[in-house]
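Hello,

Here is the structure for you to work with. My notes on what turned up follow below it.

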Amino acid sequence: MSFWRNTLAKLFEDHRRQLVAMVVRRIRDREVAAELVQDVYARLMQSGDCGEPEANTKMLYASVRNAVIDHHRITFGRAKAMNGVLPDQIWQCETTSPYDHAEARQALSALDRALLELSPKAREMFILHRVDGISNAKLAKKYGISVSAVEKQLARTMRHCQERLAAYRDDV
């Protein structure tokens, strides 16, 4: 195992800059790119050696490409869920009727109640992300957790809010 660690460390030393640049081109976020490459390194550390140096290099690049694909798939799924949390009428500046206005206020009240049911950390993370537009990477740094942990927490919060707002959503 020590041989593989040394081999992998040398591979990453030689290719890290190119790998991060490749990921940045695809996801346009240097912090997330660096974290994805680091995650691949950690996973490959456990997987073991392919044998030939060229095969190890190909495995490294393929693993990083797959991590980017997974990142896009997960991000798209979570973005879709995030957009489904709040009913359209909540964001209307002007309502067409008193009924619409009352319905929007009820939905906002339901959202407030749903957020109060969360832990203070989950609530703050949700508000920082959805209202202030703070990125997952910055939230991870702020809370001292991984981007993946932030994404999972936001997904749990989103499911919770979706359940509480089900009566106010048009697609239910």
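**The α5/α6 pair**

The axes of α5 and α6 come within 10 Å and cross at roughly 145 degrees. Axes here are lines fitted to C-alpha atoms, for helices over the stretch in contact, with angles from 0 to 180 degrees between N-to-C directions. The crossing of α5 past α6 is right-handed (the near helix is turned clockwise from the far one by less than a right angle). Contact means heavy atoms within 4.5 Å. On the α5 side, Lys121, Glu124, Met125, Leu128 and His129 take part; they meet Asn136, Leu139, Lys142 and Tyr143 of α6. Sorted by class, this contact has 4 nonpolar, 2 polar and 3 charged residues.

**Source and conventions**

This is a predicted model: local features need pLDDT of at least 70, side-chain atom pairs count only at pLDDT 80 or more, and totals for chains, interfaces and linings use all residues. Residues are numbered from 1 along each chain as its sequence is written, and side-chain values use heavy atoms, with hydrogens and water left out.

**Overall**

The chain has 7 helices and 0 strands (DSSP runs numbered from the N terminus: H or I of at least four residues for helices, E of at least two for strands). Of its 172 residues, 38% count as buried, meaning under 20% relative accessible area with a 1.4 Å probe, protein chains only. Among contacts in the chain with a separation of 6 or more, 65% join residues 24 or more positions apart.

**Cores**

A nonpolar core is a set of buried Ala, Val, Leu, Ile, Met, Phe, Trp, Tyr and Cys residues joined through side-chain atoms within 4.5 Å. The largest has 31 residues, and Phe12, Leu19 and Val23 touch the most other members. At least two residues each come from α1 (2-27), α2 (30-47), α3 (53-83), α5 (120-130), α6 (136-143) and α7 (147-164). The largest share, 9 residues, comes from α1. Another core, of 10 residues, lies apart from it; Leu115, Leu118, Phe126 and Leu165 are among its members.

Val23 touches Arg28, Ala33, Leu36, Val37, Val64 and Val68, not counting residues up to four places away in sequence.

**His15**

Is His15 buried or exposed? His15 counts as buried because its relative accessibility is 17%. This residue is found in helix α1. Leaving aside neighbours within four places in sequence, His15 is in contact with Thr57, Leu60 and Tyr61.

Best regards

Note on methods
Buried < 20%, exposed > 50% of the residue type's maximum accessible area, 1.4 Å probe, protein only. Nonpolar A, V, L, I, M, F, W, Y, C, P; charged D, E, K, R; others polar.
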